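Here is a friendly briefing to read alongside the model. Keep the sequence and the 3D view open as you go.

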Amino acid sequence: GFYSGNTYDGEILIALMEAQNEIAKYENLAWGGENGNVKVESSSDLMRYASAERPDGTKVVAVFNYDGDEPIEVNVAGNPHTIAPYDVKFIEVK
């Protein structure tokens, strides 16, 4: 856990996703960054994402929009999603 104070910028969210990747490696979980097991498509390059697979086969994708001004549109497994500025959206893919 962490306490960010009153505000934080997008760098903390990228760091958290990198930390999740390290934890997943240690725990031998199927987690990947840009080369993960679920492809996220967007016309914007202002995003990062990673995905994990649960034991039941459900894939969970975390998509982070680090554009502070505009929402971004992404397509995950054929479904469109909007991610607000500096927001992370967790998407389940069954």
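Among contacts in the protein chain between residues at least 6 apart in sequence, what percentage join residues at least 24 apart? The share is 33%, where a contact means heavy atoms within 4.5 Å. This is a predicted model, in which local features need pLDDT of at least 70 and side-chain atom pairs count only at pLDDT 80 or more, while totals for chains, interfaces and linings use all residues. Residues are numbered from 1 along each chain as its sequence is written, and side-chain values use heavy atoms, with hydrogens and water left out.

**Overall layout**

- The protein chain holds 1 helix and 7 strands; helices (H or I, at least four residues) and strands (E, at least two) are DSSP runs, numbered from the N terminus.
- Along the sequence, these elements follow the pattern α-β-β-β-β-β-β-β.
- Of the 94 residues in the protein chain, 33% are buried; buried means under 20% relative accessible area, exposed means over 50%, and partly exposed lies in between (1.4 Å probe, protein chains only).
- The protein chain has an accessible surface of about 6200 Å², and carbon and sulfur atoms account for 49% of it; the areas come from the Shrake-Rupley method with a 1.4 Å probe, and for residues only the protein chains shown count as cover.

- An open sheet is formed by 3 strands in the order 2-5-6, with antiparallel pairing; two strands pair if DSSP finds at least two bridges between them.
- Its edge strands are strand 2 (40-41) and strand 6 (79-83), each of which pairs on one side only.
- Strand 2 runs antiparallel to strand 5 (residues 72-76), and 2 bridges join them.
- Within this pairing, Val40 stands opposite Val76 of strand 5.

- Strand 3 and strand 4 are antiparallel partners over 7 bridges, and Tyr49 has Val63 of strand 4 as its bridge partner.
- The hairpin of strand 3 and strand 4 has 5 residues between the strands, and Gly57 there takes a positive phi near 95°.
- Strand 4 is also joined to strand 7 by 7 bridges, again antiparallel, with Val61 bridged to Ile91 in strand 7.
- Strand 4 is mostly covered, with 6 of its 7 residues buried.

**Nonpolar cores**

- The largest nonpolar core has 12 residues: Val38, Val40, Met47, Tyr49, Val61, Val63, Ile72, Val74, Val76, Ile83, Ile91 and Val93. Such a core is a set of buried Ala, Val, Leu, Ile, Met, Phe, Trp, Tyr and Cys residues joined through side-chain atoms within 4.5 Å.
- Strand 3 (47-53), strand 4 (59-65), strand 5 and strand 7 (87-93) are the elements that give it two or more residues, and strand 5 gives the most, with 3.
- Apart from this core lies another, of 5 residues, including Ile14, Met17, Ala62 and Phe64.
- As background, nonpolar side chains tend to be buried together in soluble globular proteins.

**Around Asn75**

- Asn75 sits in strand 5 and is partly exposed, at 28% relative accessible area.
- Leaving aside residues up to four places away in sequence, Asn75 touches Lys39, Val40, Glu41 and Pro80.
- The C-alpha atoms of Asn75 and Glu41 are separated by 5.1 Å, although these residues are 34 apart along the chain.
- A polar atom of the Asn75 side chain lies 3.0 Å from the backbone nitrogen of Gly78.

**Positive phi in two loops**

- Most residues other than glycine have a negative phi.
- Ala77 is not a glycine, yet has a positive phi of about 50°; Ala77 lies in the loop between strand 5 and strand 6 and is partly exposed at 47% relative accessibility.
- Tyr86, likewise not a glycine, has a positive phi of about 50°; Tyr86 belongs to the loop between strand 6 and strand 7 and is partly exposed, with a relative accessible area of 43%.

**Salt bridge**

- How many salt bridges does a search of the whole structure find? The search finds 1, a salt bridge being a side-chain nitrogen of Lys or Arg within 4 Å of a carboxyl oxygen of Asp or Glu.
- Glu92 and Lys94 form a salt bridge through their side chains, at 3.9 Å from N to O.
- Glu92 is partly exposed at 44% relative accessibility, whereas Lys94 is exposed, with a relative accessible area of 81%.

Note on methods: A polar contact is a pair of N or O atoms within 3.5 Å; within protein, one must be able to donate a hydrogen and the other to accept it, and residues adjacent in sequence count only if both atoms are side-chain atoms.
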